[in-house]
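Please consult the sequence and the structure shown here.

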Amino acid sequence: MILSLLRYLQGYLYIRIVGYSPERFINLCKHHRITLWGMRANERAYEMYISVKGFRKLKPILKKTNTKVIVKGKYGLPFFLHRRRKRKMLFAGAILCLALIYGLSLFVWDIEITGNYTRTDEQILEYLEDTGVVHGMRKGKVDCPGIVKDIRKQFDDIIWVSASLEGTRLKLAIKENSDRTVVPKDSTKEATPKDIVASKDGIVTRIVTRKGTPVVTAGTEVKKGDLLVLGKVDIIDDAGTVVNYQYHEADADIDICTTQTYEDEMAATYEEKSYQGIGRKRVFLKFGDWKVTLGFLKNNYEHSSYLCEEKQVELLPHFFLPFLYGIESVKPYTIKETKYSDEKLKEYLSARFSRFCSELEKKGVQILENDVKIYKGNTVVRASGTLTMIESAIEFRDTQITPIEKMSEGELK
């Protein structure tokens, strides 16, 4: 393959050798290291291929062997260019095209991000833009180690980043830490004393106190706002007298059995779209804010859907160009009001209720019982009922400070 390419670039001839001693001609060519290939006998003569450089050395050999050479074909790039030497604009365009492709290969035209789940591509691209990493930047200015360092510094939940250049594409592979624990920024400062109070009505089913003074036990019925754990601990002397208080941010595991009302509804009918005809389409080519379209896309339909499909031009694998092409289309449709079947209504409302329960379970809520039922009306279908569940229904409230000097003499004795 490489040898054929070199022969094409240098140019070669297909010749016919006739005369008194063609065999001696071949031997002398071998002696003078003139390469011949594709040789075959044809009517008491020989035909073969020879390079342009070798052909120029044949004159003394032809004279010595009393043979004659006939050129039957000329091949290769030199002859191709010679035959088209008058088409200057063609060659100028080809050279300009190659120069343009080479120039475009020096820039980054596509940024691919993989492995991100909690953050969108747009969020990461917006941050990269602030640091100077944008589409169209020179590849020589891309600092892959610096990009990796900046991303890990900016986003705490990203534990691993890989940045690499492939052609005109910058590839970013990201690994996020799904088990990240958020540490309060001011964790070294002394916490403000806090009480734990109930955030909902219910019955306490479990309480394990680590800091503070519990004021309820398992089985206690509480109302919203009732005190559960006091952020103050009595300091008692040997006589059993309260001589001081120690304040904390109360800390406890508390489970409360609560009830919650569930309400959901949806329309019994929906608008069904019926597409008619092929609509209208047009092709476009886009470069930055510049856009060229081919065709018309007049939308005079009462109801229609607009669809745009675009793709970046990829000249070679990983060699992207800053051009987008695609098709825009408008498709008309008519609207018809249609009723849901009973099975579909039950399926949709059940699925929505299941998602609601899943969100509660993600927050650590344990659902004990539910009596949610579906009620069907003429225009609206409703799901309603109550859920009985165990949850950590607590919130914090500032602890009231009791100064020692305001304690009665009886309290100090």
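Glu-47 and Lys-72 are joined through their side chains by a salt bridge, with N and O 3.1 Å apart. The term denotes a side-chain nitrogen of Lys or Arg within 4 Å of a carboxyl oxygen of Asp or Glu. The pair connects distant parts of the chain, as Glu-47 lies in strand β3 (residues 46-51) and Lys-72 in strand β4 (residues 67-75), 25 residues apart. Helices (H or I, at least four residues) and strands (E, at least two) are DSSP runs, numbered from the N terminus.

Glu-47 is buried at 1% relative accessibility, whereas Lys-72 is partly exposed at 47%. Buried means under 20% relative accessible area, exposed over 50%, and partly exposed in between (1.4 Å probe, protein chains only). Glu-47 also forms a salt bridge with Arg-40, at 3.7 Å between the closest N and O atoms.

## Helix α9

The buried residues of α9 are Leu-345, Leu-349, Phe-353, Cys-357 and Leu-360. Viewed down the axis, they fall within an arc of 95 degrees, so they line one face of the helix; the arc is that of the directions from the helix axis to the C-beta atoms. On the other side, Glu-343, Arg-355 and Lys-362 are exposed.

## Basis of the model

The model is predicted: local features need pLDDT of at least 70, side-chain atom pairs count only at pLDDT 80 or more, and totals for chains, interfaces and linings use all residues. Residues are numbered from 1 along each chain as its sequence is written, and side-chain values use heavy atoms, leaving out hydrogens and water.
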